[in-house]
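Keep the structure open beside the text and look up each residue as it is named.

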Amino acid sequence: MELRLIRNLILLLCASLTLGETAAPGAQREVWDGSNTRVLFLRSFSQGRPVMDRYIDGFVTELRKLGWNTDDIHIEALDSNGYYSPELRRIKSHYLAKAMEEHPPALVVTLQQPALNFLLGELSGYIAKQPLLIANGRLPERSRPTSQIVTQFASADYKRALQQGIELFPATKRVLVISGAGEQDVVSRAGVQAIADSFRGKLDFEFTNAMNLQDILARAASLPPDSLVLLGNLNQDVTGQRYSSYDANGYVMDVANAPVFTTFRYRVGEGVVGGVVNDTYAMGVQAAHCVYDHFRGGAPWPAGITKLPVQAHPAYDWKQLTRWKAHFDALPQDAELINVPPSLWRDYRNTTLATLGAIIVLLALSMALAFQSRRRLLAEKLHFAVARHRQAVLDNVADGIVTMNARGSIQSFNEAAARIFGA
């Protein structure tokens, strides 16, 4: 009875939708000369997952800035507010196949591995027809889709992240890798396993994919001082229990007895030390420009499989670095730092330099004026000293001496002249 009720509710929900959630319901309707601007997002999970939310936000916001008709951007999650089952998958498959047949999108975007797997498994006929953008998902090695595909994968630079972690915390001997047993979790765990051998003899790795969430939290809370925690995806634990990876990793951050490293920019400032991170919002912006250039700019969509490069960069939280007593001199020169204490020199460098320059100029002018004043006073003292000396010499002469200028005015006279003339 309960299953039938849930099924009816889901069918009613699907019937009420035209093609998923409209990304910008308040956007003004625009017409592009008959061109198809319909974009369908297949996201692996419902809202509340910052990795996907930030990607879609960057994508839609940038396309809106470029003048795209955002009424035609639709978002469909494969679950329903966390509820996921084979029955729901079947309903979604039937619904989307019919909707895509009646309203063919110009482009389908799959976000994360489960969404891509759903498209390849349930809607395989579609990928032989129209362009596809794969974000944070990998095509199976045996897959040979014939559609034109652009891929965009935020490959976590675990090796660089761990190298920086060792430099910042030289005592590190072990790494607890937070990972789960879900589809996307396996992908992130494989990335760490691929570079583990390069740290052989330096680091011991421990993975949590064979634990339930309670055991994972207990392990993170009991780590010895020579440990680091590396956050991977944790969408499902070993018991099959599903989680929001954002929430599950948040629980780990709250209890971890060691510095926590991440590969996502949005986490920096929430309690992690930092790491070499990818910004999924920036990825969405990059994808939007690719889509706009090809569909609105007139350029053909790339043939075959084309990769969009995704750049990671180091970003760290000053407060967490201080909390765990990191070696600050080991910070990369290009690192982005947040929560840095206010500094007059760092925050107002140009103003400080200008002020110091003005002070130096004023001091120089003051010193110059003081020097000139002193020279004038010395010159005046010398002049009076010479005049007194000359007068003393003249006064000791027996003859009367009078000096006059060209106009006949008396300039000076000695004592003998005063006696002679009765002055």
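The largest nonpolar core holds 27 residues, and those with the most contacts inside it are Phe-41, Tyr-55, Phe-59, Ile-73 and Leu-133. A nonpolar core here is a set of buried Ala, Val, Leu, Ile, Met, Phe, Trp, Tyr and Cys residues joined through side-chain atoms within 4.5 Å. Strand 2, helix 2, strand 3, strand 4 (107-111), strand 5 (132-135) and helix 9 are the elements that give two or more residues to this core. A second, separate core has 22 residues, among them Met-211, Tyr-243, Met-253 and Val-277.

A few words on how to read all this. The model is predicted, so local features need pLDDT of at least 70 and side-chain atom pairs count only at pLDDT 80 or more, while totals for chains, interfaces and linings use all residues. Residues are numbered from 1 along each chain as its sequence is written, and side-chain values use heavy atoms, with hydrogens and water left out.

**The chain as a whole**

The chain contains 13 helices and 16 strands. These are DSSP runs numbered from the N terminus (helices are H or I with at least four residues, strands are E with at least two). Of the 423 residues, 43% are buried. Buried means under 20% relative accessible area, exposed means over 50%, and partly exposed lies in between (1.4 Å probe, protein chains only). The accessible surface of the chain comes to about 22,900 Å², and 55% of that belongs to carbon and sulfur atoms; such areas come from the Shrake-Rupley method with a 1.4 Å probe, and for residues only the protein chains shown count as cover. Among the contacts with a separation of 6 or more, 67% are between residues 24 or more positions apart. Contact means heavy atoms within 4.5 Å.

Ala-315 is found in strand 13 (residues 313-317), and it counts as buried because its relative accessible area is 1%. Ala-315 and Val-277 are 38 residues apart in sequence, yet their C-alpha atoms are 6.7 Å apart in space.

Ile-195 sits in helix 6 (residues 183-195). With 17% relative accessibility, Ile-195 is also buried. Leaving out residues up to four places away in sequence, Ile-195 touches Tyr-158, Lys-159 and Leu-162. The C-alpha atoms of Ile-195 and Lys-159 are separated by 6.2 Å, although the two residues are 36 residues apart along the chain.

**Salt bridges**

Side chains of opposite charge can pair when their charged atoms come close. How many salt bridges does a search of the whole structure find? It finds 13. A salt bridge is a side-chain nitrogen of Lys or Arg within 4 Å of a carboxyl oxygen of Asp or Glu. Here are some of them:

| Pair | N to O distance |
|---|---|
| Arg-43 and Asp-53 | 2.8 Å |
| Asp-279 and Arg-54 | 2.8 Å |
| Glu-76 and Lys-92 | 2.4 Å |

In the pair of Arg-43 and Asp-53, Arg-43 lies in strand 2 (residues 39-43) and Asp-53 in helix 2 (residues 50-65), so the pair ties together parts that are 10 residues apart in sequence. Arg-43 is buried at 2% relative accessibility, whereas Asp-53 is partly exposed at 27%.

Asp-279 pairs with Arg-54, and this links distant parts of the chain: Asp-279 is in the loop between strand 11 (274-277) and helix 9 (280-295), and Arg-54 is in helix 2, 225 residues apart. Asp-279 is partly exposed, with a relative accessible area of 22%, and Arg-54 is partly exposed with 27%.

Glu-76 and Lys-92 meet through their side chains; Glu-76 is in strand 3 (residues 73-77) and Lys-92 in helix 3 (residues 86-102), 16 residues apart. Both Glu-76 and Lys-92 are buried.

**A hairpin and a surface patch**

Strand 15 (residues 402-404) and strand 16 (residues 410-413) run antiparallel, joined by 3 bridges. Two strands pair if DSSP finds at least two bridges between them. Met-404 has Ile-410 in strand 16 as its bridge partner. This hairpin has 5 residues between the strands, and Gly-408 takes a positive phi near 90°.

Is Ile-410 buried or exposed? Ile-410 is exposed, with a relative accessible area of 53%. Val-402, Met-404, Ile-410, Phe-413, Ile-420 and Phe-421 form a nonpolar patch on the surface, with about 650 Å² of accessible area together. Strand 15, strand 16 and helix 13 (415-421) are the elements that give two or more residues to the patch. Patches are made of residues with over 30% relative accessible area and no salt bridge; like charges are joined within 9 Å, and nonpolar side chains (Val, Leu, Ile, Met, Phe, Trp, Tyr) within 5 Å.
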